[in-house]
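Hello,

Here is the structure I promised to pass on to you. My notes on what turned up in it follow below.

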Amino acid sequence: MSEPNDALRAARESIESPSSPGQPLTRQELAEAVNAQVFRSTGKITAIDANHIGKWERGVIRWPAAHYRAAIRAVLDVATDADLGFRRGGSGCTTEDVDRKTFLRSTLGLGAGAALARATPVVAALAGGQDDLVSAVAGPTQDYRRMESSVSSQYLAPAAEGHLRLAKQVVHEKVRSSKGFATLSEIAGLAAWLAADRGDSATARARYKESIRYAESSRNSLLVSYMTASLGHYAVEMGDPRQGLHLLDRAAQYQDGHTPAAARAWLASLRAVAFGAMGDRAQTLDALRTAQRNTDRQTSDAQWPWVFAFTSAKAARYQSTALAALGDYSGSRAAYTAAIPTISAPKPLALAKVEFADLMMSMRQEDEACRLAVEALQVGKQYGSEKIVERVRDLRSRMGTTCGDAKLLDRMLIDLYD
């Protein structure tokens with residue numbers, strides 16, 4: 001009978017989940033982080049999931065493959081395999097207290113503290129080979145991405161920009177390799193996302209274009225597709241669906257027979273939103289069918305450059321947006337209803353509420369739209385998301401003055417100028 005690996009479970013549970021504040025890091029979140037770390041370190045695409053982590057914690061598997069052990073040590077900031085309860089053979093293990101570092105106990109969870117707590121691995125990397133150095137430079141990016149949905153961009157954006165400057169220096173001087181440029185691409189893409197959240201469109205476009213250039217230098221077609229599609233979707237969100245669709249078409253050219261189903265589903269979802277914004281019903285529905293078909297094919301794991309799996313619930317978010325643009329309110333509402341219970345992080349949930357509020361207004365249910373707008377604006381103000389604030393402001397400009405929470409919503413918007 002296998003003996004539980006309490007050390008590994010304790011190490012995981014000592015870190016706060018970035019998507020559910022106050023709760024421990026889930027097995028699936030740890031699995032996704034390990035997949036991403038393995039890719040950064042080795043270039044291998046792996047597919048472990050919560051089930052794998054469960055087997056390790058239950059002691060069913062006592063000695064995972066070397067690249068998994070190295071990745072999980074980096075993610076959990078643990079020095080040795082023994083500290084994680086991993087033992088050769090099946091002789092069992094002794095539960096040990098894991099040194100977690102003060103910052104890892106902060107409310108930021110897997111965040112800036114994790115980067116600081118990795119001082120020893122970084123020093124070792126500087127004395128080691130290029131792959132170790134790339135892994136050290138890439139490490140904080142994963143942490144920032146996991147925090148993005150629940151930490152204010154006001155604090156994350158300067159950290160990401162500073163990290164990008166450091167990474168450029170390191171890669172251009174010491175690691176001019178495919179992995180080095182892939183790391184730069186990911187960091188620039190994160191900086192772009194954070195700039196967009198803050199409403200800094202000029203910086204967002206510049207960083208997205210940087211991320212594409214670095215992806216091209218990395219010669220990783222999946223990464224080029226991901227970053228190009230990200231810029232395309234940003235253009236659609238900014239009200240330029242034709243230009244956005246041009247970029248999404250270009251992103252599709254980098255896909256081939258080896259492209260994961262999740263990537264195909266994601267890109268098809270973005271294309272559906274773009275076609276919906278242009279009022280092209282036939283193309284929108286065709287793209288949605290492609291997205292659904294590939295979502296059903298994919299496994300539950302996340303594959304780099306995705307940190308989180310592209311689930312059917314996430315596909316439903318895009319479906320709701322695309323159908324609403326076509327005026328299919330009942331279909332959009334059904335998709336939204338399917339997606340909303342699965343969104344736990346504050347900012348994505350707020351954005352979903354704004355989208356649904358827009359739908360409710362189109363259906364002449366302004367009281368419900370107003371209530372949702374108030375809830376979304378509270379999150380936008382709390383997390384410094386100008387993206388959320390601007391969408392609520394636009395929604396309010398198209399509302400009547402008699403909705404139930406109109407005075408409260410107006411007061412909250414006025415307070416933005418105080």
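Before the first finding, one cut-off: a residue counts as buried when its relative accessible area is under 20%. Please also keep in mind that this is a predicted model.

**Helix α17**

With that cut-off, twelve of the 17 residues of α17 are buried, so the helix is largely enclosed by the rest of the structure. The length of α17 is as it should be, because 17 residues at 1.5 Å a residue should span 24 Å and the end C-alpha atoms are 25 Å apart, which agrees.

After α17 comes Arg364, with a positive phi near 65°, although Arg364 is not a glycine. Arg364 sits in the loop between α17 (346–362) and α18 (366–382) and is exposed, at 79% relative accessibility.

Arg219 is another non-glycine residue with a positive phi, about 60°. You will find Arg219 in the loop between α10 (201–218) and α11 (221–237), exposed with a relative accessible area of 66%.

Helix α15 covers residues 312–325, and its 14 residues reach 20 Å from the first C-alpha to the last, close to the 20 Å expected. Its buried residues are Ala313, Ala315, Ala316, Ser320, Ala322 and Leu323, and they pack against α13 (261–277), α14 and α16 (329–339). Following α15 is Gly327, with a positive phi near 85°.

Thr295 belongs to α14 (residues 281–297). Is Thr295 buried or exposed? Its relative accessible area is 7%, so Thr295 is buried. The Thr295 side chain reaches the backbone oxygen of Ala291 at 2.7 Å. Beyond its neighbours within four places in sequence, Thr295 is in contact with Ala265, Phe310, Thr311, Ser312 and Ala315.

**Salt bridges**

How many salt bridges does a search of the whole structure find? The search finds 25. As a reminder, side chains of opposite charge can pair when their charged atoms come close.

One network of salt bridges links Asp6, Arg9, Arg12, Glu13, Arg27 and Glu57. Arg9 and Glu13 are separated by about one helical turn because they are four residues apart in α1. Asp6 is partly exposed at 27%, as are Arg9 at 32% and Glu13 at 38%.

Glu57 and Arg12 also meet through their side chains in a salt bridge, at 2.5 Å from N to O. This pair links distant parts of the chain, with Glu57 in helix α3 (residues 50–58) and Arg12 in α1, 45 residues apart. Glu57 and Arg12 are both buried.

Technical notes: Residues numbered from 1 in each chain as written. Predicted model: local features only at pLDDT ≥ 70, side-chain atom pairs only at ≥ 80, totals over all residues. Heavy atoms only, no water. Helix = DSSP H or I, 4+ residues; strand = E, 2+ residues; numbered from the N terminus. Buried < 20%, exposed > 50% of the residue type's maximum accessible area, 1.4 Å probe, protein only. Polar contact = N/O pair within 3.5 Å; in protein donor to acceptor, adjacent residues only side chain to side chain. Contact = heavy atoms within 4.5 Å. Expected span 1.5 Å × (residues − 1). Salt bridge = Lys/Arg side-chain N within 4 Å of Asp/Glu carboxyl O.
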